[in-house]
Amino acid sequence: MASPMDQFAIKPIVPLSLGGFDVSFTNSALFMLASVFIASAFFISATRKRAMVPNAAQSMAEIAYKFVDGIIVENAGERGRVFFPYLFSIFLFVMMGNLLGLVPYGFTFTSHVAAVGALALLGFFIGIITGIRCQGWGFLHTFFPKGTPWVAAPVMIPIEIISYMSRPFSLTVRLVANMMVGHVMLKVVGGFIVMLGVFGVIPMLFAAAILIFEMGIALLQAYIFTVLSTVYLGDALKGH
């Protein structure tokens with residue numbers, strides 16, 4: 001039986017080298033493009049007619065739009081709506097990445113630190129730039145909130161800096177760990193089903209239950225990633 005970790009291996013589809021660097025088109029890149037294409041195709045198709053009485057596709061598109069808009073208003077306020085295109089794209093990209101990994105022979109690029117870490121760092125730097133633009137020098141209060149006694153500065157400032165710098169790390173680890181654990185469980189149970197043959201009915205039912213559970217986790221983790229990204233942007237907009 002193949003190792004459960006083999007499913008996370010990045011494999012080149014079109015080998016390429018540029019200046020001594022490996023820039024091959026991989027299975028990870030393929031599923032990233034597939035995520036963007038599927039999400040874009042769905043929303044373009046669903047919103048093309050914009051009927052007063054929406055069909056199922058338009059209703060799903062409107063629900064997704066209102067869902068993310070609600071996250072933004074609740075966690076970043078009305079001013080946070082300027083980031084709607086970015087946050088909506090993040091939500092769809094992570095969600096599609098999570099769900100495509102559950103398709104047979106699919107690849108979960110959201111189980112890789114490089115992919116998720118890049119998204120987390122992008123949000124981190126957007127937050128810093130937004131905080132400086134909106135608050136100026138007041139952005140430094142992120143590391144030393146107003147009203148805090150100056151005697152606490154030697155302890156408070158290092159703690160706040162470490163806490164702030166750990167944001168992209170915590171975002172990355174949370175999503176990567178959840179995606180990896182669920183897929184490893186599916187792979188292990190699937191291996192037992194193959195080994196047991198006709199006696200694998202019960203493990204198959206168990207695998208089906210795990211699959212349904214993982215679909216829920218995929219949606220939940222996309223939601224959590226988007227919420228935390230919005231909260232961090234909200235902190236940059238409003239400050240302490």
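Helices here are DSSP runs of H or I with at least four residues, numbered from the N terminus. With that in hand, let's walk through this predicted model, in which local features need pLDDT of at least 70, side-chain atom pairs count only at pLDDT 80 or more, and totals for chains, interfaces and linings use all residues. Residues are numbered from 1 along each chain as its sequence is written, and side-chain values use heavy atoms, with hydrogens and water left out.

Let's start with the pockets. A pocket is an open set of points on a 1 Å grid over the protein atoms alone, where a 1.4 Å probe fits, with protein on both sides within 12 Å along at least five of seven lines; lining residues have an atom within 4 Å of a point. Grid points are joined across faces, edges and corners, and a volume is the space filled by probe spheres set on the points.

The largest pocket has a volume of about 610 Å³. Its lining counts 20 residues, and Gln7, Val103, Pro104, Tyr105 and Gly106 are the closest to the centre. Helix H6 (167-196) and helix H7 (201-238) each supply at least two lining residues, with H6 giving the largest share, four residues. By class, this lining has 10 nonpolar, seven polar and three charged residues. Here Ala, Val, Leu, Ile, Met, Phe, Trp, Tyr, Cys and Pro count as nonpolar, Asp, Glu, Lys and Arg as charged, and the others, Gly among them, as polar.

Now turn to the second largest pocket, with a volume of about 290 Å³. Helices H1 (27-46), H2 (56-76) and H3 (84-100) each supply at least two residues of its lining, and H3 provides the largest share, five residues. Of the 13 lining residues, Met60, Ala64, Phe91, Leu92 and Met95 lie nearest the centre. The lining has 13 nonpolar residues, no polar and no charged ones.

Next come the aromatic rings. Rings of Phe, Tyr and Trp (its six-membered ring) pair if their centres lie within 6.5 Å; planes under 30 degrees apart count as stacked, over 60 as edge-to-face and the rest as tilted. The structure holds 14 aromatic pairs. One of them joins Tyr65 and Phe84, tilted at 50 degrees between the planes and 4.5 Å centre to centre.
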